[in-house]
Amino acid sequence: MHGRPLASVPIVKEIPVIDLGEEQTVVAQQLVKALEEYGFFRVQDYFMDVIGAYSSEVRKLSMIIFDLVRKGLGLEEGYFGKEHKQKMIVHHFPVCPDPSSTLGMDGHCDPNLITIYQQQVYGLQILKNEEWIGVTT
């Protein structure tokens, strides 16, 4: 669908919830069922501890970077403030067997002050001096 839906979208009250702490065979069956029926699922609070810890560490890193940028620009302490909203988006792109035949994402600007990007497979390109250059790990 490429436009706005004409009717309102029904709200799903219950989506599949997967507890990764359960026995692997049970989890595997639950995952397959959830993906067949919905195409997505929510991970039970088990994986949230990991996400919470990761998010907290990324926030600490971003605050260090903000402070270093502030110092480098000669701005007064607290210039960026202490309260920044943080958004975490996770994408996983598998290795493409033939990258020369794919188009990736359109060029875009991230709408945030900084983006912390973790890359395990080559894919990020940046525009520098009106020329696209690739960034490797």
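**Entry 1**

I started at Val50, which counts as partly exposed because its relative accessibility is 48%, between the 20% and 50% cut-offs. I am working on a predicted model, so I note that once here. Val50 is found in helix H2, residues 45–72. Next I looked for its partners on the surface. Val50 belongs to a nonpolar patch with Leu20, Phe47 and Met48. Together the four have about 310 Å² of accessible area.

**Entry 1: the whole chain**

I stepped back to see the layout. I found two helices and four strands. Along the sequence they follow the pattern β-α-β-α-β-β. The chain has 137 residues, and 7% of them count as buried. I noted an accessible surface of about 12,500 Å² for the chain. Carbon and sulfur atoms hold 58% of that surface. Residues 24 or more positions apart account for 43% of them.

**Entry 2: Ile51**

I went back to helix H2, where Ile51 has its place. I put Ile51 down as partly exposed, at 25% relative accessibility.

**Entry 3: salt bridges**

How many salt bridges does the structure hold? I counted three. Side chains of opposite charge can pair when their charged atoms come close.

I took Glu57 and Lys60 to begin with. Their closest N and O atoms are 3.0 Å apart. Both residues lie in helix H2, three residues apart, about one turn of the helix. Glu57 is partly exposed at 47% relative accessible area. Lys60 is partly exposed too, at 46%.

I moved on to Asp67. Its side chain meets that of Arg70 in a salt bridge, 3.0 Å from N to O. Asp67 and Arg70 are three residues apart in helix H2, about one turn. Asp67 also meets Lys71 in a salt bridge, at 3.5 Å. Lys71 and Asp67 are separated by about one helical turn, because they are four residues apart in helix H2. Salt bridges with shared partners join Asp67, Arg70 and Lys71 into one network.

Asp67 is partly exposed at 30%. Lys71 counts as exposed, at 51%.

**Entry 4: what surrounds Arg70**

Which residues does Arg70 contact, leaving aside neighbours within four places in sequence? I listed Leu75, Glu76, Glu77, Gly78, Tyr79 and Phe80. I kept Tyr79 and Phe80 from that list in mind for the rings.

**Entry 5: aromatic pairs**

I counted three aromatic pairs. Tyr38 and Phe40 form an edge-to-face pair. Their centres are 6.1 Å apart and their planes 70° apart. Tyr38 is partly exposed, with a relative accessible area of 36%. Phe40 is likewise partly exposed, at 39%.

Then I looked up Phe66 and Phe80. The ring centres lie 5.4 Å apart and the planes are at 35°, so this pair is tilted. The pair links distant parts of the chain, 14 residues apart. Phe66 is in helix H2, and Phe80 is in the loop between H2 and S3. I recorded Phe66 as buried, at 8% relative accessible area. Phe80 is partly exposed, at 22%. Ring pairs also bring in Tyr79, giving a cluster of Phe66, Tyr79 and Phe80.

**Entry 6: the loop between S3 and S4**

I ended with backbone angles. Asn129 sits in the loop between strand S3 (125–128) and strand S4 (131–134). Its phi is near 55°, a positive value in a residue other than glycine. Asn129 is exposed, with a relative accessible area of 69%.

What is the phi of Glu130? I noted a positive value of about 65°, although Glu130 is not a glycine. Glu130 is found in the loop between S3 and S4. I marked Glu130 as exposed because its relative accessibility is 74%, over the 50% cut-off.

Definitions and conventions. Residues numbered from 1 in each chain as written. Predicted model: local features only at pLDDT ≥ 70, side-chain atom pairs only at ≥ 80, totals over all residues. Heavy atoms only, no water. Patch = residues over 30% accessible without salt bridge, like charges linked within 9 Å, V, L, I, M, F, W, Y side chains within 5 Å. Areas by Shrake-Rupley, 256 points an atom, 1.4 Å probe, with all protein chains shown as cover. Buried < 20%, exposed > 50% of the residue type's maximum accessible area, 1.4 Å probe, protein only. Contact = heavy atoms within 4.5 Å. Phe/Tyr/Trp six-rings, centres within 6.5 Å; stacked < 30°, edge-to-face > 60°.
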